[in-house]
Amino acid sequence: MEEPLLIPRPPIPSMSDCDPQPSFFPDSSTLSSLTPFVLLNTGARMPLLGLGTFQLRGPEDTLQVVDSALSSGYRSFDTASVYRNETDLGHALRQLLPKHGLTREDIFITSKLGPKDQGVKAREGALRSLELLDLEYIDLYLIHWPGTQGLGVGDLRNPKNRAQSWEELEELHTQGRLRAIGVSNYTPGHMKELLDVCRVKPAVLQVEFHPCLVQEDLRRLCREESVCFQAYSSLGTGSLLQDPLVVQVAKGCGRSPAQVLLRWAVQQGVPVLPKSSHPSRVAENARVFDFDLKPEDMERLGNMESGQKYCWDPSHVV
């Protein structure tokens, strides 16, 4: 049986480099290896590095990429109903975990409620994800989008639907089917609306985050409410890989632009979800815990803030 490849534990970030929430700092033990993790407000451990699976399709490609990810130390996998790959991911993990000497308890799986299931269909949507993944529980389940498929962004039924969705997720959380629940693509207004009425506080907010979109208002709110702030699209959908400053910093530390962008986030204690269908890039993206960016480079990258969104803009959803 193969021994899992372990990612070295990084130094704990200083208070100036990360959100000042001690429970979110990387620690020395994890699910199954030395992979750095954050502690959620549920007490669960979520790896700082996860594999994003958006646009990963087909059983053969999924098997190949997941195999590479497990070999490279990934212990977290992020999928969603709208990605249409939950079945393939579930099959790949069941086949590959024994090969890598791992069990279900050694990995962290995230999925998300599709906008078509927002509201009265939320319970059905979550149970469908459990069935497709062939799991008894999902570690983290998120409301993927604050709106509802088929409704306009200004439709006043949107707030009612996402409130109903949250109530259904709270119930499944209480039953142990969803170990932690959270949201994605929520604005500060959406977050405050939820926090005012929820019985179970969201464990995670997953949003676009990179040097051109630092989301300071959301990060501050998450710190205040003990909600883990998680990044997607850390590379700006690839656009930031050619940015002159990013390239300059990468050359200065002998790393790739992708590694620099991912390190910029994890050095602040922000979990990341890089995605790739190429095993070599999957492995490269995992090598972000054996170096540090200089404080001046962290600052220079952070000063790239421009409010640039490369993905979806939820700010118009009421």
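User: What covers the buried residues of H7?

Analyst: Look for the elements packed against that face. This is a predicted model. Here the cover over the buried residues of H7 includes helix H8 (257-266) and H10.

User: Which residues of H7 are buried?

Analyst: Leu245, Val246, Val249 and Ala250 are the buried ones. They span an arc of only 135° around the axis, so they sit on the same side of H7.

User: Why do residues a few places apart point the same way?

Analyst: An α-helix has 3.6 residues a turn, so residues three or four places apart point the same way.

User: Which residues are exposed on the other side of H7?

Analyst: Pro244, Lys251 and Gly252 are exposed there.

User: At what angle do H7 and H10 pack?

Analyst: Take the angle and the axis distance together. Helix H7 (residues 244-253) packs against helix H10 (residues 295-302) at about 165°. Their axes are 10 Å apart. An angle over 145 degrees counts as roughly antiparallel, and H7 and H10 are therefore roughly antiparallel to each other. The crossing of H7 over H10 is left-handed.

User: Which residues meet there?

Analyst: From H7 come Leu245, Val246, Gln248 and Val249. From H10 come Asp297, Arg300 and Leu301. Sorted by class, the contact has 4 nonpolar, 1 polar and 2 charged residues. Leu245, Val246 and Val249 also belong to the buried residues of H7.

User: How do H1 and H2 cross?

Analyst: Use the angle and distance again. Helix H1 (residues 59-71) and helix H2 (residues 86-96) cross at roughly 50°. Their axes come within 9 Å. That angle makes H1 oblique to H2. The crossing is right-handed.

User: Which residues of H1 and H2 meet?

Analyst: H1 brings Pro59, Thr62, Leu63, Val66, Asp67 and Leu70. H2 brings Asp88, Leu89, Ala92, Leu93, Gln95 and Leu96. By class, they divide into 8 nonpolar, 2 polar and 2 charged.

User: Which residues of H9 are buried?

Analyst: Read it as we read H7. In helix H9 (residues 279-286), Val282, Ala283, Asn285 and Ala286 are buried. Their arc around the axis is only 160°, so they lie on the same side of H9. Their cover includes strand E3 (51-52), H1 and H8.

User: Now a single residue. Is Ser76 buried or exposed?

Analyst: Check its relative accessible area. Buried means under 20%. Ser76 has 2%, so Ser76 is buried. Ser76 is found in strand E4 (residues 76-78).

User: What is Ser76 in contact with?

Analyst: Set aside the neighbours within four places in sequence. Ser76 is then in contact with Pro47, Leu49, Gly50, Leu51 and Phe108.

User: Where is Trp145 found?

Analyst: Trp145 is in the loop between strand E6 (140-143) and helix H4 (157-174).

User: How many residues apart in sequence are Trp145 and Gln118?

Analyst: They are 27 residues apart in sequence. In space, their C-alpha atoms are 8.7 Å apart.

User: What does the secondary structure of the protein come to?

Analyst: The protein has 10 helices and 9 strands. Of its 318 residues, 56% count as buried. Now take the contacts with a separation of 6 or more: residues 24 or more positions apart account for 73% of them.

Key: Residues are numbered from 1 along each chain as its sequence is written. This is a predicted model: local features need pLDDT of at least 70, side-chain atom pairs count only at pLDDT 80 or more; totals for chains, interfaces and linings use all residues. Side-chain values use heavy atoms; hydrogens and water are left out. Axes are lines fitted to C-alpha atoms, for helices over the stretch in contact, and angles run from 0 to 180 degrees between N-to-C directions. Helices (H or I, at least four residues) and strands (E, at least two) are DSSP runs, numbered from the N terminus. Angles under 35 degrees count as roughly parallel, over 145 as roughly antiparallel, 65 to 115 as roughly perpendicular and the rest as oblique. A crossing is left-handed if the near helix is turned anticlockwise from the far one by less than a right angle, and right-handed if clockwise. Contact means heavy atoms within 4.5 Å. Ala, Val, Leu, Ile, Met, Phe, Trp, Tyr, Cys and Pro count as nonpolar, Asp, Glu, Lys and Arg as charged, and the others, Gly among them, as polar. Buried means under 20% relative accessible area, exposed over 50%, partly exposed in between (1.4 Å probe, protein chains only). The arc is that of the directions from the helix axis to the C-beta atoms.
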